[in-house]
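Have a go at each task before you read its solution.

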Amino acid sequence: MPPRIGVLGAGAVGSRVARWLLELEPGAQVVLGGSDPERVAELVQALGSAAAAAGNGHLHDQGIDVLVIAAPCGRHVGPARRAIRAGVPMVSTSDRVEDIHSLRALTPRAENAAVTSLVGAGFAPGLSCLLAAQGSSGFDVVDEVHVAKAGTGGPACARQHHRALKGSARDWRDGAWIRRPGGSGRELVWFPEPVSGADCYRGALPDALLLQPFVPDAARITSRMAATRQDRFTSWLPMLSPPHPEGGVGAVRVEIRGRAGASSVVRILGAVERPAVGAGAVAALAALALWEGAAGPPGVRGLAGSVDARAALERLARHGLRAQEFDGIAPV
Amino acid sequence: MVRLLRRVLLAMSTAAAIAAVLRIRGAGGVPPQTGGWRELEIDD
């Protein structure tokens, strides 16, 4: 029987989640809900007979197998709690640190309800977690993981980018979390073409929070985001101009340092895509993994270690989202 | 007049020094000198 998957949110990411679900799993049915009924209706019309608009009431009450929450950050916890209570597995695309904390705190409820749920299933975190899991597969010991991302998806993502730059960063260092000011720690990061080099800064990003349980013995886990000097200078102000409907091409880069046998090894993996498209693909994959029962035991976790990264990246590559690896000497 | 000129020069020197510090501080990394990005071989 084909999956019936609910998607909450019809913005840049939600619409891509629905499209990816239908592309990755032909025959799937998508039930769309959101705060803008006109937009939901337009999307249902564009997707054809495989999609339907949610009726009255909550999305998780409409016979769905999995709920994907692709609403703006800050609006994920309520629907997630209700879905878990109803016994429906849930995927969240939020990249807001507070959301990730609150969603992971639902773990005891998920365990009691025997429900597996995945959080941080977007571009970064999300694709970054899959790349970290795949990249570290040949390591005996992972010492360091450093994540960087560039670009934004829709307007809600751009607003979150702005908030993150003035927020407090959490880095994992030598067995403890340390806080650093957002906008500090400028580092020139080389993403795959066409994004190429970009100055990246610390920010309130959840990648390290999600990766630390996967590599608990790592000494350092950090995340950074690309920003312009203007972004950094104006981060303490409200957004001076309304965000674009959707940003351009973005990128994610994951650097893993560790040991394999007696050798020190550095692997650098990356990917280039419009962030909303990449987030939609990863969230759709996560939803299908939950439907297939291939996302681990009950609980609320990130993607690294929960889904088969190799199979996920292979599946994405077959549909045009190809991961890349930097082959050469990493700058020290 | 001389006093004003001194103050202007002092302000400009201070601004230049601060700009230099900000410019240099945190400049981590250099462009990759060799290699490049290629498609990830998942069969490895």
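**Exercise 1.** Work out how helix α6 (residues 127-135) of chain A packs against helix α11 (residues 309-318) of chain A.

*Solution.* Start with the geometry: the two helices pack at an angle of about 120 degrees, and their axes are 9 Å apart. That angle makes α6(A) oblique to α11(A) (under 35 degrees is roughly parallel, over 145 roughly antiparallel, 65 to 115 roughly perpendicular, and the rest oblique). Next, look at who meets whom: L130(A), A133(A) and Q134(A) come from α6(A), while A309(A), R310(A), A312(A) and L313(A) come from α11(A). Contact here means C-beta atoms, placed from the backbone, within 7 Å. Sorted by type, these contact residues are 5 nonpolar, 1 polar and 1 charged.

Before going on, a word on the model: it's predicted, so local features need pLDDT of at least 70 and side-chain atom pairs count only at pLDDT 80 or more, whereas totals for chains, interfaces and linings use all residues. Residues are numbered from 1 along each chain as its sequence is written, with chains lettered from A and ligands numbered from 1 in the order in which they are written.

**Exercise 2.** What share of chain B is buried?

*Solution.* Of the 44 residues in chain B, 5% are buried.

Terms used: Axes are lines fitted to C-alpha atoms, for helices over the stretch in contact, and angles run from 0 to 180 degrees between N-to-C directions. Helices (H or I, at least four residues) and strands (E, at least two) are DSSP runs, numbered from the N terminus. Two residues are in contact if their C-beta atoms, placed from the backbone, lie within 7 Å. Ala, Val, Leu, Ile, Met, Phe, Trp, Tyr, Cys and Pro count as nonpolar, Asp, Glu, Lys and Arg as charged, and the others, Gly among them, as polar. A residue is buried if 20 or more other C-beta atoms lie within 10 Å of its own, exposed if 12 or fewer, and partly exposed in between; C-beta atoms are placed from the backbone.
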